[in-house]
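Hi,

Here is the structure I promised to pass on. Have a look at it first, and then read my notes below.

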Number of protein chains: 2
Amino acid sequence: MTDAPMTTPAASTETAGETLSRYLTGQASAFLRALPQAVGEAGARPGALPSVNSPTGTAGTGELLRAVRRIGGALHTFDAVFDNAWAHESRSELRWLLNLLAQEPAYVRRSARLLAALDSLSSTSPAGDGAGPGMLAGHQGAPKARALLDRQLTLSRTRAHSTLLQELRSSRLHALADRMTLLVGEAPLVQPMAGQSGATLLVQASGAFGALAAAVQGLPLQRVAGAYHGDALHRLGATAAPPTGGVPVQARGAGAAAAPGDADTALAADDAPWRRARILLKRARYALEVCGRSAPELDALDQVLDRHQDASDAAMTAATAARTPRITPATAYVLGVVHADQRLEVEAARHAFGRQWPDLPHHGWHEWASA
Amino acid sequence: MTDAPMTTPAASTETAGETLSRYLTGQASAFLRALPQAVGEAGARPGALPSVNSPTGTAGTGELLRAVRRIGGALHTFDAVFDNAWAHESRSELRWLLNLLAQEPAYVRRSARLLAALDSLSSTSPAGDGAGPGMLAGHQGAPKARALLDRQLTLSRTRAHSTLLQELRSSRLHALADRMTLLVGEAPLVQPMAGQSGATLLVQASGAFGALAAAVQGLPLQRVAGAYHGDALHRLGATAAPPTGGVPVQARGAGAAAAPGDADTALAADDAPWRRARILLKRARYALEVCGRSAPELDALDQVLDRHQDASDAAMTAATAARTPRITPATAYVLGVVHADQRLEVEAARHAFGRQWPDLPHHGWHEWASA
C-alpha cells in the first residue's frame with residue numbers, strides 16, 4: 001500500500017489530527033536524535049572538514065535536514081489543522097535551519113559536479129573505457145581552472161561549515177529544539193479540523209499537488225519538449241522577464257561598462273520558476289507521505305529538479321570564478337566552456353522534466369490518493 | 001517520377017553510356033556557363049568583397065560549385081564506365097577547384113553563424129519577441145569577442161577571395177575548363193560498360209549508397225539516439241581514437257605546457273567519421289540524380305550533415321580565436337561559451353541524424369531506385 005519509510009498507513013478510524021500527530025512525532029523524534037550527532041560532527045574536528053559521503057550531508061546533518069524538510073512541509077500543507085501563530089513561527093525557524101544545513105552539502109555536490117565536468121572535458125583516456133578525448137583535452141587552462149574552482153569552493157564550504165557549527169550551538173537552535181520536543185509530546189492542533197476524519201488530509205494534500213500543477217503550467221514545457229532548443233543557453237523565450245526593464249543592452253551604450261552580473265541576473269530570472277516548482281514538488285511529496293502514500297513518479301521528478309538546481313548553481317559558480325581578478329585568458333576560456341556545459345545540464349534537466357511530467361497532472365493525484 | 005532539376009528520366013532504351021553522357025553534358029555546360037560569371041564576380045571589385053547572399057556563394061561561384069560537385073561525384077560513382085586515367089585526373093582537378101570555391105562561402109556562413117550565436121547569447125530583447133535574456137546578457141566580453149571573430153573571419157574571407165581570384169585565371173583552371181569542354185562534346189567512355197543497359201547505372205549507384213550505409217554503421221548512432229548525452233562536448237566514446245596514441249594527458253606531466261591544439265585534434269578526430277559520411281551522402285545523392293531519381297530523405301540528411309560540419313568548423317574558429325595573444329579574460333570566457341555552444345550544435349546535428357537515418361538503410365535504396 002505504501003513504501004514511505006517513516007509512516008504506516010493511516011487507519012481508517014484515525015482522525016486527521018491523530019494521523020498528523022503520529023507523523024510529526026516520528027519526524028520530531030528523528031530531529032532530536034540527529035541533532036546531537038550533527039553538533040558532534042560539525043564540532044569534532046575544529047578547522048578540519050568532515051568527510052561528506054552522502055549527497056545530502058553526513059549522517060547527522062543529513063537526517064536533520066530530512067526531518068526539517070518534512071516537518072516544515074507538513075506544517076505548510078496542513079496549516080488549517082495547527083495553531084496559526086505557532087505553525088507560522090515554527091516554519092520560519094525551520095526554514096532558517098534548512099538554509100544553514102543545506103549549504104555545506106550543496107558546496108560538496110557542486111565541487112564534485114564541476115570538477116567531474118572539468119575532468120570529463122579534459123580527459124584523453126585511451127579508447128575502450130567509454131571516455132574518449134574531451135573538449136578541453138590538453139588545454140593549458142584546464143588545470144588552472146580546476147585549481148581555481150577547487151580553491152573557491154573549498155573556501156565557501158569551510159565558511160558554511162563554520163557558520164553551521166556556530167549556529168548549531170546558538171540559543172536560537174535551542175529554542176527550535178524545544179519546539180520539536182513539544183511536537184514529540186503533542187502537536188498544537190486546533191479543533192474542529194483536527195477532529196475530522198483522516199480523509200480530510202487527502203483534500204489538503206491535493207491542494208499541495210494543485211499548487212504544484214499550477215506552477216508547472218507556467219513552465220515553458222512546450223518549448224523544452226524538443227531536445228536541443230538552446231533553452232538554457234539562449235532563446236530563453238518570451239515569458240522570461242527582461243532583467244533590466246526591457247532595455248536592450250545596446251541601448252545602454254556599447255561603451256558603457258555593463259555590470260558583469262547582468263547575465264547571471266537574466267539566467268537567475270529564467271531559472272526562478274523551475275526552482276519554485278522544485279519546492280512545491282517536495283511539499284507535494286511530503287504531503288503524500290503524511291497520508292501514508294508514496295509516488296515514485298514524484299520522487300523521480302524531484303531528483304530531476306534537484307539536478308536542475310545543482311547545475312544552475314554550478315553554472316553560476318563557474319561564471320563567478322571567471323570574474324576573479326588576474327586569471328589568464330586560457331583559464332577564463334575553460335570556465336566559459338564549463339559554464340555553458342552546466343547550462344546545458346540545466347537544459348537537459350528541463351527536457352527530462354518535460355518528458356516525465358505530462359502524465360501526472362491528469363491522473364497522478366487520484367491514483368496516488370486512492371492507492 | 002523525379003524532381004531532380006538537371007535530369008530527365010532515363011528512357012528505358014538508353015544505354016548506361018548515353019544516360020551518363022547526357023547528364024555530364026548538362027553539368028559541364030553549366031560549369032562553362034558559370035565560369036566566366038564567377039571570374040567576373042571575383043575580379044569585378046578588386047580589394048572589395050562581393051556580397052554573398054546565397055549560402056553556397058554568389059550566383060556564378062555557386063553554380064560552378066554545384067556543377068563541380070556533381071561531375072566529380074558522377075566520375076567517382078560510375079568510374080567503371082570511364083577511361084580510368086582521364087577520370088582520375090579529372091576528379092583530382094575538380095577536387096582542387098571544389099576546395100577553392102567552397103572556402104569563401106564557408107567563411108561567410110561561419111561568420112553569420114558565430115555572430116548570430118553571439119548576438120543570441122548576448123540578447124536582452126524585451127519579452128514578447130521570443131528572444132529573452134541570453135547567457136551572456138550584458139557580459140563585458142561579448143562585444144570584444146564579437147569584434148575579434150568578425151575581424152578574423154573577414155580577414156580569412158578576404159584571403160580566400162584573393163586566392164580564388166588568382167586561381168580562376170590560372171593555366172590550371174584553363175586546363176580544367178578544356179576538360180569540361182571535352183565533356184560537353186563526348187565523355188571518354190569505355191566499352192563494353194558504356195554499351196550496357198541503363199539499369200547498370202542503378203547497380204553502380206547502389207554501390208555509392210552501400211558505401212554510405214557502411215560508413216554510417218561505424219557512427220555511434222546508438223549513443224546519440226538519446227538527447228543530451230554530451231556526445232560532442234565530452235564522453236566522446238570508446239570508438240574515438242585518442243589523439244596522442246593513447247597516452248593520457250596526465251602521463252605527459254601536469255607541468256608540461258600541453259600544445260593548445262590538443263583539444264582541437266581530439267575533436268577533429270571525433271568529427272572525422274561524420275565528415276566522411278557527409279561526402280559519401282552527397283555522392284549517393286548525385287548518383288541518384290544521374291539515374292533520374294530523387295530522394296528528399298537524403299537531401300534532408302545532407303543538410304543535417306552540412307550543419308554538423310559548419311558547427312564543427314565554427315567551434316574550431318572560436319577555440320582558435322581564444323588563443324589570440326593579449327585578449328582579455330572576459331573575451332576568452334565568452335569565446336569558451338561560444339565554443340561550447342557550437343559543439344552543442346554539433347551534438348544536436350548528430351542527434352537529428354540519428355533520428356532520421358534508421359529508416360533508410362533497409363528500405364531507402366530500393367524504393368528510390370524503383371520509383
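Among contacts in chain A between residues at least 6 apart in sequence, what percentage join residues at least 24 apart? The figure is 79%. Before you read on, keep in mind that this is a predicted model, so everything below is computed from predicted coordinates.

**Chain A overall**

Chain A has eleven helices and zero strands, and along the sequence the pattern reads α-α-α-α-α-α-α-α-α-α-α. Of the 371 residues in chain A, 49% are buried.

The domain assignment divides chain A into domain 1 (14–196) and domain 2 (198–239 + 262–371). Contact between the two involves 35 residues of domain 1 and 30 residues of domain 2. On the domain 1 side, the elements that give two or more residues are α1 (16–44), α2, α3 (84–122) and α4 (141–168) of chain A. By class, that side of domain 1 has 18 nonpolar, ten polar and seven charged residues.

**T77 in chain A**

Buried or exposed? T77(A) is buried, because 25 other C-beta atoms lie within 10 Å and the cut-off for buried is 20 or more. Leaving out residues up to four places away in sequence, T77(A) touches Q204(A), A205(A), A208(A), R283(A) and A287(A). Take R283(A) from that list: T77(A) and R283(A) are 206 residues apart along the chain, yet their C-alpha atoms are separated by 7.3 Å.

**Helix pairs**

Start with helix α8 (residues 262–290) and helix α9 (residues 296–321) of chain A, whose axes are 9 Å apart at an angle of about 155 degrees. Angles over 145 count as roughly antiparallel, so that is how α8(A) and α9(A) run relative to each other. The crossing of α8(A) past α9(A) is left-handed. From α8(A), the residues in the contact include W274(A), R275(A), R278(A), L281(A) and R285(A); on the α9(A) side they include L298(A), D302(A), L305(A), D306(A) and M316(A). The contact of α8(A) with α9(A) has ten nonpolar, three polar and nine charged residues.

Helix α9(A) also meets α3(A): their axes come within 10 Å and cross at roughly 75 degrees. Angles from 65 to 115 count as roughly perpendicular, and α3(A) and α9(A) therefore fall in that class. What does each helix bring to the contact? From α3(A) come A106(A), R109(A), R110(A), R113(A) and L114(A), and from α9(A) come D310(A), D313(A), A314(A), T317(A) and A318(A). By class, this contact has four nonpolar, one polar and five charged residues.

Over in chain B, helix α4 (residues 141–168) packs with helix α10 (residues 329–356) at about 70 degrees, with the axes 8 Å apart. At that angle α4(B) and α10(B) are therefore roughly perpendicular as well. G141(B), A142(B), K144(B), A145(B) and L148(B) make the contact from α4(B); on α10(B) the partners are A330(B), T331(B), Y333(B), V334(B), L335(B) and V338(B).

**Backbone spots to check**

One is a cis peptide bond. In chain A, the bond from Q191(A) to P192(A) is cis, with omega near 5 degrees, and P192(A) lies in the loop between α5 (171–185) and α6 (199–217). In chain B, the bond from Q191(B) to P192(B) is cis too, with omega near 5 degrees; P192(B) is in the loop between α5 (171–185) and α6 (199–217) of chain B.

The other is a positive phi. R326(A) has a phi of about 65 degrees although it is not a glycine. R326(A) lies in the loop between α9 and α10 (329–356) of chain A and is exposed, with 6 other C-beta atoms within 10 Å. For R326(B), phi is also positive at about 65 degrees, and this residue is not a glycine either. The loop between α9 (296–321) and α10 of chain B holds R326(B), which is exposed, with 6 other C-beta atoms within 10 Å.

Cheers

Notes. Residues are numbered from 1 along each chain as its sequence is written. Chains are lettered from A and ligands numbered from 1 in the order in which they are written. This is a predicted model: local features need pLDDT of at least 70, side-chain atom pairs count only at pLDDT 80 or more; totals for chains, interfaces and linings use all residues. A residue is buried if 20 or more other C-beta atoms lie within 10 Å of its own, exposed if 12 or fewer, and partly exposed in between; C-beta atoms are placed from the backbone. Two residues are in contact if their C-beta atoms, placed from the backbone, lie within 7 Å. Axes are lines fitted to C-alpha atoms, for helices over the stretch in contact, and angles run from 0 to 180 degrees between N-to-C directions. Helices (H or I, at least four residues) and strands (E, at least two) are DSSP runs, numbered from the N terminus. Angles under 35 degrees count as roughly parallel, over 145 as roughly antiparallel, 65 to 115 as roughly perpendicular and the rest as oblique. A crossing is left-handed if the near helix is turned anticlockwise from the far one by less than a right angle, and right-handed if clockwise. Ala, Val, Leu, Ile, Met, Phe, Trp, Tyr, Cys and Pro count as nonpolar, Asp, Glu, Lys and Arg as charged, and the others, Gly among them, as polar. Domain bounds come from an automatic or database domain assignment.
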